[in-house]
Amino acid sequence: MPPKRKAQAPLDDDGGFDSGAEEALSDQETFDKLRDSFDVKAMSRRLRATHATDPASFLFKKCDQWDAQLKPDHINRPLWVDDAGRIILESFSPIFKDAQDFLINIAEPQSRVSRIHEYSLTAHSLFAAVSIGKSSKEIIDTLERYSKTALSPSVISFIDKSTSSFGKAKIVLKKTLSYIESDDPTILQRLLKDATIAECRADTTDGLIMEAAPRIGVMAIPGTKMAAGANQVAHQVAEAAADPQAPSDMIAALREEDDDDEEVAQVHSFQIKSEERERVVKRCQDIGLPLTEEYDYETDMVNAKLDIDLRPHAQIRYYQEKALGKMFSNSRARSGIIVLPCGAGKTLVGITAACGVKKSTIVLCTSAMSVVQWRAEFLKWSNISSEDIAVFTSESKNRFPRNAGIIISTYTMITSTRNRSYDAEKVMEFIRSREWGLLIADEVHVVPANIFKKVTYSIASHAKLGLTATLLREDDKIEDLNFLIGPKLYEANWQELSEQGHIAKVQCAEVWCQMTPEFYTEWLKPSSVQKRALLSIMNPRKFQACQFLIEYHERRGDKIIVFSDNVYALEKYAKKLSKAYIYGDTPQAERLRILENFQHNDQVNTIFLSKIGDTSLDLPEATCLIQISSHYGSRRQEAQRLGRILRAKRRNDEGFNAFFYSLVSKDTDEMFYSSKRQAFLVDQGYAFKVITRLEGLEKRTDLAFYTTHERRELLMDVLLSKDADAAEEKINGDMFGSKFASTGRKGRKKNGARRTAGTLSELSGGQDMAYIEYNKSRNKELKTKVVKNGFLRKLQRGTANAKKAAKE
Ligand SMILES: Nc1ncnc2c1ncn2[C@@H]1O[C@H](COP(=O)(O)OP(=O)(O)OP(=O)(O)O)[C@@H](O)[C@H]1O
């Protein structure tokens, strides 16, 4: 990874906040530096001495494997794989794209800055690989092919060991009851020997249930005998039948083989208690036999078909298709999580999945506002009739009239049992009493395990699709999602999508605002954490910076959202600057009026939002974000806020950049938290510039709190405020907000952010840097890769082929 260096003055005089004073070289700089620093002769002497033969080995000093010889053509191979399963991918390699496509299937992306990407092989990532049909051999062979050195025995054995037990057993739903199924009875017996699993068994018999395996939609998991055999035979039969030269006895022989296979294709199962479903799934994972969840929707004759298709104008993008391709194969839908950046179109991915399964679907969102948006998107992108799509929120409690339909609701509505009205209980009964083809869990990273357990207990669904932009939680519970929903199926690369114009390019900056002497004196006095936080947010210099930036960007024609988690500050700032603001208590009608004005009225170019605007707010007009107060070190919140401008309508305009500013009071706790918040985005390849001085600000006499008298009055206001004014906003129905933001300083080093020093004019293109980098606007040159409803066509074609092959 790029080496860190200390920033030059004036950035390094800030005493206790070294995270703010550290910056890293840009990738290009790093490479240039590395290259320049290599005195070739001295280096070759050094390399010979250390048995290394290349310029990058020293980055892996601790790794024994680097004693391994580089392959003679290593220059053409893009990967370094160390013996702990850490993988470094060179993004400048000509075969980068292929290697990236492969890695995304088998490993966890850790960091994808522009030149070097880092991935890790983990048990979860290998489980995901197996569940989408990768075999152990295929993984090892492909890694070996891309790697610059031979794979170490420990990596090979880790892959072998991890994948050999995966995909052997499945969890399936039959008539709303849960079963563990496998074609190998010994696996089930092994599971039943485990005390926890045995305790969760629903039937009291000793034996296993034995049934014929479904003929169509052969198992997609390689490694299982039946899957490999049946798939191969279906393929050979189809091939032979298509070949006019093929002797008829060969086709007959193949068919016989197929029949033979059918005879042995038995599945064995035992039933588990529905309420213990998650416990069983987790236990199976813990003992190294993780269960896969697949839904053979084509052969499901029990549940009614839903009349839904994508409209002709819906053209899913290539990455949406890739993600869905991981979910669907062999006419089966497998459960798992799709990770796409904010604004990249997760909703359409969910809608397309529902169009693929064509069975009743339930969508769960984090807020009533998202429910409304999901419904509108379903009607926009699919031909579903409006009465087949019901909404279950505190305001409307609908059911759909026919046998199949869609319900959109919130996690709160499904899981909270307190004070449920008669109508709500009726809808819950309706939801509980039926089988759902697909459960779509939006913003799935925010769902705590206990809540999701309640969800799956109430909703019997065959397949689950989790959608998120940030598979990230500050409480380290993200791994729970592997057993609650399924493995991660796909994760897009943010920078790639922004290069292609699917999401906007963003310039990120942290603006350091000196505390005024009177505010800092108070801040240094012993007082409550809340009071200190409020002093940092209300710092008059920060206020002025905010005002300055608003005016600057309004002049440029930007539409600006100012975010403040703190409602006291939100109101004070907005009122002083005569701007509209929305927070949790703002009535719905007023919210809509403000948002409408922001979108369509050229006199309303700035709005202030509390954290209710963090997620699911679709405001493609917004091109600039200013964050004045944020929730401690939450990387998730930072990424989601950035997401509000990634969908900028003008993203494909020539030279267009969106802007994301975080205003930070210098020498206060805000600096530490700010650095922590940025870690995720830095790993996605965003570089945060530090702005220490806003050019021209000091000369302005017309800014708020210019006089000492005004500043003293403001200070009095803050000192007289209650501690409650500094508290986090509580939003009705927001059951997740406060739980996941970290306040600790753990992991500080690892999450240190990449920063470069700069001024506002540089950032906005006033100096060379921005013009050199951004005037190229490759967005225009790039054609949007669209797939004309191709995914569903392929899906249908795949199903038809599977059927045809099986018939033949
Ligand atoms: N294939 C597509 N073709 C055209 N427009 C699309 C496509 N996919 C998504 N969009 C549009 O992109 C915008 C963002 O989509 P969406 O709201 O689903 O993003 P998201 O990934 O859910 O973001 P967030 O995480 O912020 O909620 C929407 O206006 C949507 O209509």
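## Strand E26 and its partners

Strand E24 (residues 560-564) runs parallel to E26, and four bridges join the two. This pairing belongs to a predicted model. Within it, Phe563 stands opposite Leu609 of E26.

E26 also pairs in the parallel sense with strand E25 (residues 580-582), here over three bridges. Ala580 has Ile607 in E26 as its bridge partner.

## Around the ligand

The shell around the ligand holds 17 residues, of which Cys342, Gly345, Lys346, Thr347 and Leu348 come nearest. By type, the shell divides into six nonpolar, seven polar and four charged residues.

Strand E13 (316-317) and helix H14 (346-357) each supply at least two residues of this shell. H14 gives the most, with three residues. The ligand lies between domain 3 (316-497 + 788-792) and domain 4 (504-733 + 743-781), because both give residues to the shell.

## The chain as a whole

The chain contains 32 helices and 31 strands. Of its 808 residues, 48% are buried. Among contacts with a separation of 6 or more, 77% are between residues 24 or more positions apart.

Conventions: Residues numbered from 1 in each chain as written. Predicted model: local features only at pLDDT ≥ 70, side-chain atom pairs only at ≥ 80, totals over all residues. Buried ≥ 20, exposed ≤ 12 C-beta atoms within 10 Å, placed from the backbone. Contact = placed C-beta atoms within 7 Å. Near = placed C-beta within 6 Å. Nonpolar A, V, L, I, M, F, W, Y, C, P; charged D, E, K, R; others polar. Domains from an automatic or database assignment. Pairing = 2+ DSSP bridges.
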